[in-house]
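I opened this notebook to record what I looked up in one protein chain. The entries follow the order in which I made them.

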Amino acid sequence: MGQLGEYIKSAFKQIIGNGYRTAMTMLGIVIGIAAVIAVVSLGNGMSSFVSSQLNGIAGNYGTISIDSSKTSETFSVDDMNLIESMLPDIKGVSPDMTAYGKVATRKGTFNAQVTGGKASMEHYASNGIVKGSYYTNQQVESGQQVCVMLVDDARKLFGTEDVIGLEIELTIWGKTATYTIVGLRDSMNRMYEFLMEGQDYYASIEVPYTALGRDFDYNTDSFYQLILFADQSILADRVTQAKDILTNVHGLRNTKAINGFSMADISEQLDQILGYARSFLILVSVISLIVGGIGVMNIMLVSVAERTREIGIRKSIGAKTGAIMTQFLAEAAFLTLIGGIVGIILGIIIAYIICTLIGFDVIITPTSVIGAALFSVLIGLFFGLYPARKAAKMKPIDALRL
């Protein structure tokens, strides 16, 4: 321990004694480590943000569709009931019905996207009900003319959020029906607003599929696509199980006529894409670390040249080759460790600033911090190896002659 302390003391003395040169040498290490920390933190924050925003847009749902080009079979209400009975831990199954038309209020007439479904459509997006309530399965079965819309749409259509109990007129395919507002969803998230920027405005209206079918002549006995709602942790498995159930019920094995898809699949693909992008940026950061390591090697070679006489004296009085080599390796490792610590602090500051400006959560893991510190030391050891060996291999008589 005493000898190690001497090595650290000697390394610290060399660093302090050549302050400007040391700072320039560490600059590459500082920039590289700061870049790694910032990139990893930003990548984690971005992954978290995108995942949460994606779930906010889409909710925890999957779709099961039937390919009409491969079979004449369609889904029915009995199919939905069967899935719900065989998979009791799901939140429900609904037909996927969408229509486009007009919605009229006292403020005027607007474009509208009308979605028809069962009460489980409440789980279609993560922005829950903030006023009133969602329509019930009883209202679906009786085909009541009730609807749910977004808070933002209520403000645009009525100029106020106090719209529970008010009526709207929906016009689709030339037919008009009056619906009563029973609930308001919270506003959509930032990613949805970004994706919709520049698009024509459409109010989002949700109604019982039975009312949509009766009022606007949509078929409510057969469907080509169903929506299954479940928690994210079981969603992919339940979509697969539901697809298998319907495939067996309709006798469509080996036809690939029924397909299943879940938002979990998008999340996995997106995480993979973000992972590739993060890996590429880390690789670029590592290149700057390698450049910094070359700078460390150069400065250590200069240090060896400047201390040739010191090395000769030490070897002439009995210093072993291993001791000389260890001393110079310790100096290189200590140099890059200090650079790594400064880089970690700088990287955390940069990550906090950028994440705060963008609106991401700052996610800095202990693994990334410890890994960066260890990597900076390894850079010092690797690039300090050649100068250390050169110093250790000097013959005393040759060193003293210089």
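**Entry 1: Salt bridges**

I looked up E206 and found a salt bridge with R185, the closest N and O atoms being 2.7 Å apart; the term means a side-chain nitrogen of Lys or Arg within 4 Å of a carboxyl oxygen of Asp or Glu. E206 lies in strand β9 (residues 203-208) and R185 in strand β8 (residues 175-185), so the pair ties together parts that are 21 residues apart in sequence. Helices (H or I, at least four residues) and strands (E, at least two) are DSSP runs, numbered from the N terminus. E206 counts as buried at 8% relative accessibility, and R185 is buried with a relative accessible area of 3%. Buried means under 20% relative accessible area, exposed over 50%, and partly exposed in between (1.4 Å probe, protein chains only).

I noted that this is a predicted model, in which local features need pLDDT of at least 70 and side-chain atom pairs count only at pLDDT 80 or more, while totals for chains, interfaces and linings use all residues. Residues are numbered from 1 along each chain as its sequence is written, and side-chain values use heavy atoms, with hydrogens and water left out.

The structure holds 10 salt bridges. One of them joins the side chains of D231 and K91 (3.2 Å, N to O). This pair links distant parts of the chain, 140 residues apart: D231 is in the loop between β10 (225-229) and α8, and K91 is in the loop between α3 and β2 (92-95). I recorded D231 as partly exposed at 38% relative accessibility, and K91 as partly exposed at 36%.

**Entry 2: R238**

I then turned to R238, which lies in helix α8 (residues 232-249). Is R238 buried or exposed? At 15% relative accessibility, R238 counts as buried. Leaving aside neighbours within four places in sequence, R238 is in contact (heavy atoms within 4.5 Å) with L87, D89, I90 and L228.

**Entry 3: Helix α7**

Finally, I checked α7: seven of its eight residues are buried, so α7 is largely enclosed by the rest of the structure. Among the buried residues are Y209, L212 and F216. Just after α7, D217 takes a positive phi of about 60°.
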